[in-house]
Amino acid sequence: MYFWAKLPQVQHYAILTDNRSNQGQLVQDLMAGKPISGLEALAKKKGALFSRSEIQRYMGEEERHDIKVLGQQSGQPLKTMSSGEQKKALLNHLLKRLPDYLVLVNPFDNLDSRAQDELKERLGAVSKKVALVQVVNRLDDILPFTIHFARLKGNELIFYDNVQRFRAENQCVAGHFQATIPPPLHPVKNKNEVLVQFSNVSVSFGEKPVLKNIDWTIKKGEFWQLIGPNGSGKTTLLTMITGDSHKGYGQNLTIFGHKKGSGESVWDLKQHIGYFTPSMTDRFRGYHTLENMLISGLHDSVGLYVIPSDAEKRLANQWLNVLGLDDKSQTYFHELSSGQQRLVMTARAMIKHPLLLILDEPTAGLDDQGADLFVSLVNKIAAESSSAILYVSHRKESGLKPQKVFELQMTTKGSLGKNIEVCK
Ligand SMILES: Nc1ncnc2c1ncn2[C@@H]1O[C@H](COP(=O)(O)OP(=O)(O)OP(=O)(O)O)[C@@H](O)[C@H]1O
């Protein structure tokens, strides 16, 4: 027998969670070194946490103290890094502490396929010495060298003695929406067939070229998916459309018929845009009923500060009916599962039938069932409304049916844009 065969094998765990699991408590217990049934091998060992919330925590620290913690090596603030760059920086930082185990919370979310492959390879190497505890929402994210499989139901960890049974019992069944998308309260006025037009737009940050000669036209009612590797400039493009970046000024960029910099206000733009990205749900932590949440979308406010009309209430309840939440109109938003919250946020963004609905990584962190349901809502909105949709996602959602794909391809001179017609 060879010497290496006698070495104890490092044990790796996968814990499948869904949007109703008490994931936060489990991660807290794991990091506090509390004894957890089935995970006794980790007790009293040194753990490190690889998660989105850790990145956010370091980001806050960097901002508060005006220092670079994870960005020390590159000299770039964490806030301005792409998701892939942020995750790489966090992993390097954690590994320097020589942990016995790493808790990985949905590690592949927000990563393009190349960055996912790179991270998988890196974790494969790390797995030789460090135990990995994957806390994941998606079955496909589980690493191949995993030995122990469990499901977190609420607070209860259920271990499986064989992987086939684990997979079979945890495959999801997609849901469907029945009712039709309700029309807006007021007809949408729009004279422009072309909503967004980038003509030969280039963007750099300091010396770093990010976008190169971008030509892209989004027309009324089109359903686009925007793809590109981490750091290719997707967020930069989006923020130029939403008015959240000044990089559009002085460029040949027209939005809703106005040339950028021709006196239109950010408010003018935002009126025509419905926007959803998962971090937005954090703004609605208070006591907002679902009915009020949806109506607030008509007023572009976070809370509802006006007495809603009967027509507004009716409309909100029609949307709840579409979402299958018609019995929950007086339920508080924070009582919903995260999958349900995202459906409501998307309906809220859509309730006015904006000219452009932007969904930025909308399924990140959702479980398989939640993601399937979300995708089927987006397909339905595309089929039943005349809003244009811009769906930004790294993950290939198998059921998503965009008509067109705009791909950013990175080069040393900045990303080039490519139009890809989707075959039907
Ligand atoms: N304010 C800024 N200052 C310096 N560099 C920036 C700034 N904003 C973005 N960048 C850089 O521009 C590049 C493109 O970033 P952007 O966030 O647009 O990419 P992305 O495609 O959205 O990435 P991801 O998919 O990871 O979110 C990255 O390399 C990023 O580090």
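Two residues are in contact here if their C-beta atoms, placed from the backbone, lie within 7 Å.

Before going on, a word on what you're looking at. This is a predicted model, where local features need pLDDT of at least 70, side-chain atom pairs count only at pLDDT 80 or more, and totals for chains, interfaces and linings use all residues. Residues are numbered from 1 along each chain as its sequence is written.

Now step back to the whole chain. Its domain assignment gives domain 1 (8–170) and domain 2 (194–421), with bounds taken from an automatic or database domain assignment. The centres of the two, taken over C-alpha atoms, are 28 Å apart. In secondary structure, the chain comes to eleven helices and 16 strands, which are DSSP runs numbered from the N terminus (helices are H or I, at least four residues; strands are E, at least two). Among contacts between residues at least 6 apart in sequence, 70% join residues at least 24 apart.

So where does the ligand sit? Both domain 1 and domain 2 give residues to the shell around the ligand, so it lies between them. Of the 16 residues around the ligand, Ser82, Ser83, Asn230, Thr235 and Thr236 come nearest. Helix 3 (83–95) and helix 6 (234–242) are the elements giving two or more residues to this shell. Its residues divide into three nonpolar, eleven polar and two charged. "Near" means that a residue's C-beta atom, placed from the backbone, lies within 6 Å of the molecule or strand.

Finally, have a look at helix 8 (residues 290–299). Eight of its ten residues are buried, so helix 8 is largely enclosed by the rest of the structure. Buried means 20 or more other C-beta atoms within 10 Å of the residue's own, with C-beta atoms placed from the backbone; exposed means 12 or fewer, and partly exposed is in between. Among the buried residues of helix 8 are Leu290, Glu291 and Met293. The buried residues pack against helix 9 (310–322) and helix 10 (338–350).

Definitions and conventions. Ala, Val, Leu, Ile, Met, Phe, Trp, Tyr, Cys and Pro count as nonpolar, Asp, Glu, Lys and Arg as charged, and the others, Gly among them, as polar.
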